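The points are grouped by topic.

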Amino acid sequence: MTVGITGIGTYVPDERITGEEIADISGIPEEVVVEKMGVVEKRVCPPDDDHVTDMCVAAAERALADARRDPGDIDLVLYHGSEYKDHVVWSAAAAITERLGAENAFATESHTLCAGSPVAIRQARAQLLAEDLDCALLVAGSREEDLIDYENESGSFMFNFGSGASAFLLEAAPGDRARAVVHESAAETDGSFAKDVVMPAGGSLQPPSEETVREGRHTLDVPDPDGMKERLGPVSLPTFLSVADDALERSGYARRDLDFVAVTHMKRSFHELVLDELGVDPDNGGHYLDEYGHVQSADQALAVSEAVERGVLGDGDLVCFLAAGTGYTWAATILRWRE
C-alpha cells in the first residue's frame, strides 16, 4: 500500500514587514538583511488576529478543498507547528479538530521545531501504513516573529522568522488522487545544540514574573552566538546532505534522481550551496522564500506551492522535503510528485 498527499493548503497573513524596515529597526545594513539573510519581505500577524489556530484552520480548509474531502473523512489531526501558540501548555490540535468539525478524528501534536514537516509526514505515513486509518491532516502554524527582538544582535539569525501556516492531507492507497506519493525519510539529532536557542523565561527554570517581563526575557535569544556558529558551521552542511542521502537511498534513489528540494529558509548563499551539493539547480530545482522568510515547518508547503504556481514542479518529479530545527535536528522525506 502507498501513502500519498492528496491536498495542500497554505495561509499567510496580509500584514508585511520589509527587509528595509528590519534594517532600520535593527541597525543592520539593508543589503545584509535582503541579500544575505534573504528577506525581501515577510508576513507578520496583527496582535489580535491570525493566531496559530486561526491560520491552521484556514490552511486546512484549503487542503481539504484541494483534496475534495470533507472534515468527516479525517481520522487523525496532527499539529506539527510552533510550540508558541494561542495558549501555553495547550493542545492546538484539539482546537483545530473542533473548529474544522472533524468529528471522527483524534488529535495529537509533534514538535520538532523547524524540522517538523518531514518528521510529521514520516510519522503520519507510518500510522497510515500500520493502523486502521485512512486519512490524516497535518497542520502547522507559526508566528514566532512575535518573539523576535530586532534590537538584540545576538538573535539576528532569527530575523528572518515570518508568520503563516500549512496543511497536508495524507491518505492511504490514494490511487490517482495523489498529488505526491510519499516515500522514505531520515533524521539526525545533535543534542549538544539544545540550549543554543532559547526563550529564557516562561518555563519552570524561570517562571514568568514582573522581573522577567521587565528584563525582556520572553523573547528568543542565543546566549553564545559566536560559539554556536563555530560549532554549527562544520556539521550543518554534512548533516543536511547525510539525511537527504539516507532518505534517498531508503527510497531507492540517489542525488542524480532529484528534481526539486523544498528546504528550510536560510541565508541565500547556504541555500544555494545545499542545492548545488545535491545536484539541483537553485533556480528551477528549488524556491527561495525571500518573500515569506522562515515560517518554521510551513516552509516546505510554501516552497512546493510556489513551484507549482510557477510551473517548475511537474508530473513525475522527485522531491525532497529537507529541514533543520534548532535543538538541533535535521530531517528529510522523499516524495514523487504527480499532476
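Glutamine 296 lies in the loop between helix H8 (268-277) and helix H9 (299-310). The model is predicted, and in it glutamine 296 has a phi near 45 degrees, a positive value in a residue other than glycine. The points below take up this residue together with other backbone features, the aromatic pairs and the chain as a whole.

**Backbone geometry**

- Most residues other than glycine have a negative phi, and most peptide bonds are trans.
- Glutamine 296 counts as buried because its relative accessible area is 2%, under the 20% limit for that class.
- Valine 89 also has a positive phi, near 55 degrees, in a residue other than glycine.
- The loop that holds valine 89 runs between strand E4 (76-79) and helix H4 (92-100).
- Valine 89 has a relative accessible area of 81% and is therefore exposed, the cut-off for this class being over 50%.
- The peptide bond joining glycine 327 and tyrosine 328 is cis, with omega at about 10 degrees.
- Tyrosine 328 sits in the loop between strand E10 (318-325) and strand E11 (329-337).

**Aromatic pairs**

- Five aromatic pairs are present in the structure.
- One of them joins tyrosine 328 and tryptophan 330 in a tilted arrangement, with 5.1 Å centre to centre and 35 degrees between the planes.
- Tyrosine 328 is buried, at 11% relative accessibility, and tryptophan 330 is buried as well, at 1%.
- Phe193, Tyr328 and Trp330 are linked by ring pairs into a cluster; Tyr328 also takes part in the cis peptide bond with glycine 327.

**Overall fold and dimensions**

- Nine helices and eleven strands make up the secondary structure elements assigned in the protein chain.
- For 339 residues, a compact globule would have a radius of gyration near 20 Å, and the 19 Å of the protein chain agrees with this.
- The C-alpha trace spans about 55 × 45 × 35 Å along its principal axes.
- Among contacts in the protein chain with a separation of 6 or more, 77% are between residues 24 or more positions apart.

**Surface, burial and charge**

- Of the 339 residues in the protein chain, 55% count as buried.
- The protein chain has an accessible surface of about 14,500 Å², and carbon and sulfur atoms account for 45% of this area.

Note on methods
Residues numbered from 1 in each chain as written. Predicted model: local features only at pLDDT ≥ 70, side-chain atom pairs only at ≥ 80, totals over all residues. Heavy atoms only, no water. Phe/Tyr/Trp six-rings, centres within 6.5 Å; stacked < 30°, edge-to-face > 60°. Buried < 20%, exposed > 50% of the residue type's maximum accessible area, 1.4 Å probe, protein only. Helix = DSSP H or I, 4+ residues; strand = E, 2+ residues; numbered from the N terminus. Rg over C-alpha atoms; globule rule 2.2 N^0.38 Å. Contact = heavy atoms within 4.5 Å. Areas by Shrake-Rupley, 256 points an atom, 1.4 Å probe, with all protein chains shown as cover.
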